[in-house]
Amino acid sequence: AASDVYKRQPQPSAIDPIADREWVSRLESERDRVVARLGMDFSDERQLLPRLPWNTSFFALPEQQLLAYERHREASEVGQVFQIANRAHDHVDAVVVFGAGAGWRGARMLAEAGCDPFHNEWSRAKRGSKPRVYFIDDPVDNDRLHSLLARLREGGYGDAPGERHWALIACQPENPSASWQPTVDLIRQCMQPCGRLQGFAGDDRRTGDASPTRPIMIEIARKWKASYSIHRARSLRIPTAIDDAFSIMTPVGLLPSAFLGFDCIQLLVGAAAINENFSSASFSDNLVLRLVAAGMTRERRRLRQSWAFWQRCLSGIGEWSRTLSVDASTDEPADEPTDAGTVDDLAVSAFRESYLRSVRNRPERASKRVCHHLAVAKIRTDPIETQQCNGDPIDQDELIAASREQAISEINAAGVRQTKLTLPEVNTHSIGQLLQLLMLASVVESGLD
């Protein structure tokens, strides 16, 4: 059994769907099918081998990795991630995460959510010795790649000896483009003049490799073709049963997060808490089922889903979440362009105004839409206090709350259904809950189509 810390329950969120008994029964039946299809029997020793089983589902992944790490430590998949990040931590000043697809976008989203917004601009001391992180996608713009390589050659601010050394994490997408391997080879070649790590990566007695001049190159590929230069005896695994969009809890998301010093264990613990809530809670307390019910009609038709991110560091979740499923099915013509709300963030007033105009011009659209508001109960920093025009003091947090309530009122007046999800604070445990919640909701929705 997992330790008690692995069973922390998620905080309640204000999700208020309209659901009758028949609809609730249908949702709970679909939940049971998902659990039966994607769950794993952790009393079976074969499911707790040090390395990820090939058939591990995204649903079973958090508990499998936590239990395997608890039992096998450094030999486990999570242990391997920690070993790589910890060995490189003191020797590199920048990490380039190259990739494409939903997995790479998820890794970028995690970095944006967990890092200081200007993380890369601080000196190494101000960053707590955590490396800078740069995300570059495939196909890559030549000017952008040229500029990135120039920045890496230039090094940092001179306050640490490792600033001319950097690491490349190459996250191969599920269906790589024709430019994928040539670009990886190009970046690998460009690494050579940017500095090598003397005496760091080449003293692995188990592999017999005594070369002291290998740069750090970490490749995460699907179907176990992965390799990395730090520790050739192992390869990081992405189970073939996990689609690219659902790979956020695999090394694709965990390795960049570990480099940045995030608490990856709590990311998995948060996801495991949602799994427990999803598997055992009745509809009234089941966050996943309530979110699904809020985003669908009783006729099993999905509503057009929009988001309003009231903490800007979480806005990348919108781009990532759209990769989880196809666009909503509605009665609107197939050739009708997607409205602004499915693309833009409704916490931004300009995008919200465009969204509301589209609904007001076509009132029948309102009943086919839902807006999810994502808020945070406790912000990371002390609120900045300013003065209103009348001289009364007000802080930035109060301004955001007032703006949120105004937006909710405007969207409600347009007749659009709304939900509100509130994270206790922005930390890896809460983010792990949210990501697993969205992935499970997507799977349940697709099963109801």
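Student: In what sense do S6 and strand S7 pair, and over how many bridges?
Tutor: In this predicted model, strand S7 covers residues 369-378, and Ala308 stands opposite His373 in S7. A further bridge partner in S7 is Leu374, which faces Phe309. The pairing of S6 and S7 runs in the parallel sense, over six bridges.

Student: Which strands stand at the edges of the open sheet?
Tutor: The open sheet consists of three strands with parallel pairing, in the order S6-S7-S10. Strand S6 (304-309) and strand S10 (417-425) each have a single partner strand, so one side of each is left without a neighbour in the sheet. The strands at the edges are therefore S6 and S10.

Student: By what angle are neighbouring strands of this sheet turned against each other on average?
Tutor: The sheet has the order S6-S7-S10, and the angle asked for is an average over its neighbouring strands, with direction ignored. That average is 20°.

Student: Which helix lies across S6, S7 and S10, and at about what angle does it run to S10?
Tutor: The element in question spans residues 428-448 and lies across S6, S7 and S10. This element is helix H13, and its angle to S10 is about 150°.

Student: How many of the 10 residues of S7 are buried?
Tutor: Cys371, with a relative accessible area of 0%, is buried because this value is under 20%, and residue 371 falls within the range 369-378 of S7. Strand S7 is described as mostly covered, and the number of its buried residues is eight.

Student: What kind of aromatic pair do Tyr69 and Phe82 form?
Tutor: A pair of aromatic rings is described by the distance of the centres and the angle of the planes. A search of the whole structure finds five aromatic pairs, and for Tyr69 and Phe82 the values are 5.6 Å centre to centre and 90° between the planes. Since planes over 60 degrees apart count as edge-to-face, the pair of Tyr69 and Phe82 is edge-to-face.

Student: How many residues apart are Tyr69 and Phe82, and in which helices do they lie?
Tutor: Tyr69 counts as buried at 16% relative accessibility, and Phe82 is buried too, with a relative accessible area of 19%. The pair links distant parts of the chain, with the two residues 13 residues apart, Tyr69 in helix H2 (residues 61-72) and Phe82 in helix H3 (residues 77-89).

Student: Which parts of the chain does the pair of Trp104 and Phe135 tie together?
Tutor: Trp104 and Phe135 form an edge-to-face pair, at 6.1 Å centre to centre and 70° between the planes, and both residues are buried. The two partners are 31 residues apart in sequence, so the pair ties together helix H4 (residues 101-114) and strand S2 (residues 132-137).

Student: Which residue lies over the face of Tyr69, and what is its phi near?
Tutor: The residue is found in the loop between H2 and H3, at 4.6 Å from the ring centre of Tyr69, and counts as partly exposed at 45% relative accessibility. Most residues other than glycine have a negative phi. The residue over the ring is Arg73, and its phi is positive, near 50°.

Student: Where is Ser129 found, and what is its phi of about?
Tutor: Ser129 counts as partly exposed at 30% relative accessibility, and it is found in the loop between H4 and S2. Although Ser129 is not a glycine, its phi is positive, at about 65°.

Student: How far apart in space are Ala272 and Pro62, C-alpha to C-alpha?
Tutor: Ala272 has its place in helix H8 (residues 264-280) and counts as buried at 4% relative accessibility. Although Ala272 and Pro62 are 210 residues apart in sequence, their C-alpha to C-alpha distance is 5.6 Å.

Terms used
Residues are numbered from 1 along each chain as its sequence is written. This is a predicted model: local features need pLDDT of at least 70, side-chain atom pairs count only at pLDDT 80 or more; totals for chains, interfaces and linings use all residues. Side-chain values use heavy atoms; hydrogens and water are left out. Two strands pair if DSSP finds at least two bridges between them. Helices (H or I, at least four residues) and strands (E, at least two) are DSSP runs, numbered from the N terminus. Axes are lines fitted to C-alpha atoms, for helices over the stretch in contact, and angles run from 0 to 180 degrees between N-to-C directions. Contact means heavy atoms within 4.5 Å. Buried means under 20% relative accessible area, exposed over 50%, partly exposed in between (1.4 Å probe, protein chains only). Rings of Phe, Tyr and Trp (its six-membered ring) pair if their centres lie within 6.5 Å; planes under 30 degrees apart count as stacked, over 60 as edge-to-face and the rest as tilted. A charge sits over a ring if NZ of Lys or CZ of Arg is within 6 Å of the ring centre and within 35 degrees of the ring normal.
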